[in-house]
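Please open the model in your viewer and keep the selection panel at hand.

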Amino acid sequence: MDDRRSTPDDRPAGAGVPAREGAGSDGRPTDGVAGGMAVAAADTVSRDVPEARRATASQRWAELSEQRRNRVLFAVFAIFVLAYPLIDRGLGWNRMGSMNPILVFVLLALGLNIVVGFAGLLDLGYAAFFAIGGYTVAFLTAPQSPLVQRGFQTDFWVALIVAFVVAAVFGVILGAPTLRLRGDYLAIVTLAFGEIVPRTFLNLEGLTNGSKGMNPIGRPHAGDVELLASDQVPWYYLILAILAFSIFVINRLHGSRLGRAWMAMREDEIAAASMGIDLVKTKLLAFSLGASFSGFGGAMYASMLQFIDPFQFDFSISIMLLAMVILGGIGNLWGVLFGGLLMGAFNFIWVESAANWIRSLSTNPGLGFLAAVDLNNSKLMLFGGALVLMMLLRPEGIFPSAQRKAELKGARAAIPVTVPGIEESLHDARQGEQVAGGGR
Amino acid sequence: MASILETRGLSKRFGGLLAVSEVDFTIEERSIASLIGPNGAGKTTFFNMVAGLYTPSAGEIAFRGRRLNGVKPNQITSLGIARTFQNIRLFSNMSALDNVLVGMHSRLKASTLGAVLRTPSVVAEERQARERAVELLEFVGLPDRDEVWARNLPYGDQRRLEIARALATQPALLLLDEPTAGMNPQETNALTDLIRRLRAELDLTIFLIEHHMRVVMGISDRVTVLDHGVKIAEGTPHEIQRHPAVIEAYLGRGASVAPAPAADGAGRPEPAAEADR
């Protein structure tokens, strides 16, 4: 059991940074493998192990094979993502223009997941940090910026790093007033921040050019070669690289002392404080690190569109990001990744495709009335319906953490040990908690 | 023996309610001290002041000579005071091992950047922490339950896990708030043994709130009795069992009349006398 951490090092290989494989939701993906094998082996050797112990052994075995399954799934997914531009062109989908914003939104969802999923702080105004990231880059590089007009134009790469840092700083600034708030109250205050920030950018006309927006915004470049908005494939790989870097960092954070402190705080603040966790510092780190990744996202998004205005960051963005996190499996990095891709595809690709398909149907005799139907207008309604269905059918998200699934099985092994009366009350408590947990 | 914890005139007022009133109290190093009293006597409030969850309204708390008033709970934990809760407050959706690892938080040094880079020192520290956590789980009697979620553990095991988590903070003084509440006699006996081992093997000072009189009288060196926030008696278990004020607090005024002569015969304890109202 001592070799938990001495599994082969999981340093990233090439572009496959998330090569840590798919089961890494709980931050220690391969740990169970060695232990599980050992226990499983012991199980086959001695048949007379106690019932409870055998149950955990078989449970671990199931976990192991699942990890293998996840690894295969992940490899397929990674290859698909890496080869997507080729697939896209080969099959004539022409969706590269949609894929890039989807990836940016996935990056944002991962950042939000630090705040909401890991630390349990419900943030309804995350778009504020998205805006701050975007406007930081615009302010440093766009010709309308007073800074640039005075001759201080910044290189895009530098601006990208600055956006990361500025977003992190604003995470602390906007996080600080909320430290004493929880749940509903916190949500309301963050909601207000989400409204205040874009409005501030709208009204600071001298700095941001107000509603007219700013353009063009600095572009990524290699030497003298600049990445144009039309260079969709290089953009794709650039965003993918930043996404992979972010996943790597977030995964490591999750498995660290800080990640545990976040989870403990989410579970029970008073107990966490009594175990030596500094709540102020831990919360601010969650806000700050969560915001910093949206600094990346905002910078990439603004530069990719070459244009920024305050209307790109309205409330629906915050809500969509939150939906990505919840839909995918709150707290599970890989779940959020998939949730983000699904929601992004829904938002940027599928609704439009479905709308076009319905319109093409309307040329058939008798279906002419379909011409009046435009699904693009009912996007939010479809979106809401999908969310309601999801919460009814699978409240834990599409990809709940492997830990949760394993534990639902493990519960059966644990119960027979209890005193009957207590078992019932525990069972009731657990049921209650599941309902409550599903509501999150 | 030196005192590890000392309070002087400690009071806590919630609006018009004086929950704890001018309590003077001392615990010696490596002793097992108990705090008893009827429901609502202010025991948990007293605990919460020591643990930093409440700020005292008046009076002083000192831990090894350091003033604790206004010190935050996490800092008090770093100083060497750990606690468990009356209503179990485990991190229920985390594994038993992770619960214990959270307890080690203040003793680990990994920085945020170090955790991302996973430097050799961080990896080594993390490995040692896990080994230590497994040991602690074994110590409290939860071997092989590392990966079970806290909320899926049986009730008695949850109480043990809370103790393991508190031990992980490397305390000198351990506060146990009703550690045997809701336990059957076997579980209670096993837990009492565990508390004895905490002192014998880990050199801890134990301060507990407990309603099981058999547990209190069996393991305590000193017993302090609170009633309506006021310390009414203090002494060895033997002295407390015969103390008229204690009997009155628990059973009512009339009850103290009969046993009183017996208590006098046994020699009225001197330290308790000052506490008499």
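The stops below begin with chain A and then move to chain B.

This is a predicted model, in which local features need pLDDT of at least 70 and side-chain atom pairs count only at pLDDT 80 or more, while totals for chains, interfaces and linings use all residues. Residues are numbered from 1 along each chain as its sequence is written, and chains are lettered from A and ligands numbered from 1 in the order in which they are written.

**Chain A**

Select chain A, whose secondary structure comes to 17 helices and two strands; helices (H or I, at least four residues) and strands (E, at least two) are DSSP runs, numbered from the N terminus. Of its 440 residues, 44% count as buried, that is, with 20 or more other C-beta atoms, placed from the backbone, within 10 Å of their own.

**Helices 3 and 9 of chain A**

Next, select residues 96-118 (helix 3) and 232-254 (helix 9) of chain A, which pack at about 15° with their axes 9 Å apart. Axes are lines fitted to C-alpha atoms over the stretch in contact, and angles run from 0 to 180 degrees between N-to-C directions. The two helices are therefore roughly parallel (an angle under 35 degrees). Show side chains at the contact (C-beta atoms within 7 Å): among them are Leu103(A), Leu107(A) and Leu110(A) of helix 3, and Tyr236(A), Leu240(A) and Leu243(A) of helix 9. The contact residues divide into 18 nonpolar, five polar and no charged. Here Ala, Val, Leu, Ile, Met, Phe, Trp, Tyr, Cys and Pro count as nonpolar, Asp, Glu, Lys and Arg as charged, and the others, Gly among them, as polar.

**The sheet of chain B**

Move to chain B and select its open sheet of six strands, which has the order 6-7-8-3-9-10 and mixed pairing; strands pair if DSSP finds at least two bridges between them. Strand 6 (81-83) and strand 10 (230-235) stand at the edges with a single partner strand each, so one side of each is left without a neighbour in the sheet. Neighbouring strands are turned by 20° against each other on average, direction ignored.

Within the sheet, select residues 32-36 (strand 3) and 222-227 (strand 9) of chain B, which run parallel and are joined by four bridges. Ile36(B) has Val225(B) as its bridge partner in strand 9.

Notes: Angles under 35 degrees count as roughly parallel, over 145 as roughly antiparallel, 65 to 115 as roughly perpendicular and the rest as oblique. Two residues are in contact if their C-beta atoms, placed from the backbone, lie within 7 Å. A residue is buried if 20 or more other C-beta atoms lie within 10 Å of its own, exposed if 12 or fewer, and partly exposed in between; C-beta atoms are placed from the backbone.
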